[in-house]
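Look over the model first, then work through the turns.

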Amino acid sequence: GHTHFVWGVAFSPDGTRIASASADKTVKLWDAATGRKLHTLKGHTFGVVSVAFSPDGKRIASGSWDRTVKLWDVATGQETATLTGHKATVMDVAFSPDGSRIASAGVDRTVKLWDVSTATETATLIGHTDKVAGIAFSPDGARIASASYDKTVKLWDPASGRQALTLTGHKNNVWGVAFSPDGTRIASAS
């Protein structure tokens, strides 16, 4: 159904829906069992790079080359908010485990934190020296991990906005990062 490259996909928490993000400027919502398209989410002005479901499955966040994060209502397919503040492409988005916050990773070398209920920026995490490509909350929400082209993974305290740790060892760009389900380990992709 997309007319250009698909850059990101996500399952809803209950596994019944799939969201896909495309260079065709849309997010599409699909029925996971039948493959039937449910909604086409339109509003981004450039390609959409990343997509994530809220923990309750009622919202979708999408990050785009248009430098925005958009929030969408899953039931209606309607845009509910546009989060602006990044100065370049938003490469990745992630909801906190309680669904109250979104973290976004930017080509502008920043991680931004957003309050979902007010659709406002609450913090900008600065410390990477190159593009930030991946972002993840720990299962308890107490840490954020960010992956960067600067060949590092950084751990942040989302409450204070402070950098807690820098993990080194990759020899090239780090594209993605994920926490283990118990939060004791991190996997990074480079």
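**Aromatic cluster, strands and turns**

Phe5, Trp7 and Trp65 form one aromatic cluster. This is a predicted model: local features need pLDDT of at least 70, side-chain atom pairs count only at pLDDT 80 or more, and totals for chains, interfaces and linings use all residues. Residues are numbered from 1 along each chain as its sequence is written, and side-chain values use heavy atoms, with hydrogens and water left out.

Q: How are the rings of Phe5 and Trp7 arranged?
A: Rings of Phe, Tyr and Trp (its six-membered ring) pair if their centres lie within 6.5 Å; planes under 30 degrees apart count as stacked, over 60 as edge-to-face and the rest as tilted. A search of the whole structure finds three aromatic pairs. In the pair of Phe5 and Trp7, the centres are 6.1 Å apart and the planes stand at 65°, so the arrangement is edge-to-face.

Q: Is Phe5 buried or exposed?
A: Buried means under 20% relative accessible area, exposed over 50%, and partly exposed in between (1.4 Å probe, protein chains only). Trp7, at 47%, is partly exposed, and so is Trp65, at 35%. Phe5 has 56% relative accessibility, so Phe5 counts as exposed.

Q: What is the area of the nonpolar surface patch that includes Phe46?
A: Patches take residues with over 30% relative accessible area and no salt bridge; like charges are joined within 9 Å, nonpolar side chains (Val, Leu, Ile, Met, Phe, Trp, Tyr) within 5 Å. A salt bridge is a side-chain nitrogen of Lys or Arg within 4 Å of a carboxyl oxygen of Asp or Glu, and accessible areas come from the Shrake-Rupley method with a 1.4 Å probe, where only the protein chains shown count as cover for residues. Phe46 lies in the loop between strand S4 (37-42) and strand S5 (48-53). With Phe5, Trp7 and Trp65, Phe46 makes a patch of about 490 Å².

Q: What separates the C-alpha atoms of Phe95 and Phe137?
A: Phe95 is in strand S9 (residues 90-95) and has a relative accessible area of 10%, so Phe95 is buried. Its contacts (heavy atoms within 4.5 Å) beyond four places in sequence include Leu71, Val116 and Phe137. Phe95 and Phe137 are 42 residues apart along the chain, and their C-alpha atoms are separated by 7.4 Å.

Q: How many bridges join S11 to strand S12?
A: Two strands pair if DSSP finds at least two bridges between them. Strand S11 (residues 110-115) has five of its six residues buried, and pairs antiparallel with strand S10 (residues 101-106) over five bridges. S11 also runs antiparallel to strand S12 (residues 120-126), and the number of bridges there is six.

Q: Which residue in the turn between S10 and S11 has a positive phi?
A: The S10 and S11 hairpin has three residues between its strands. One of them has a phi of about 75° although it is not a glycine.

Key:
Helix = DSSP H or I, 4+ residues; strand = E, 2+ residues; numbered from the N terminus.
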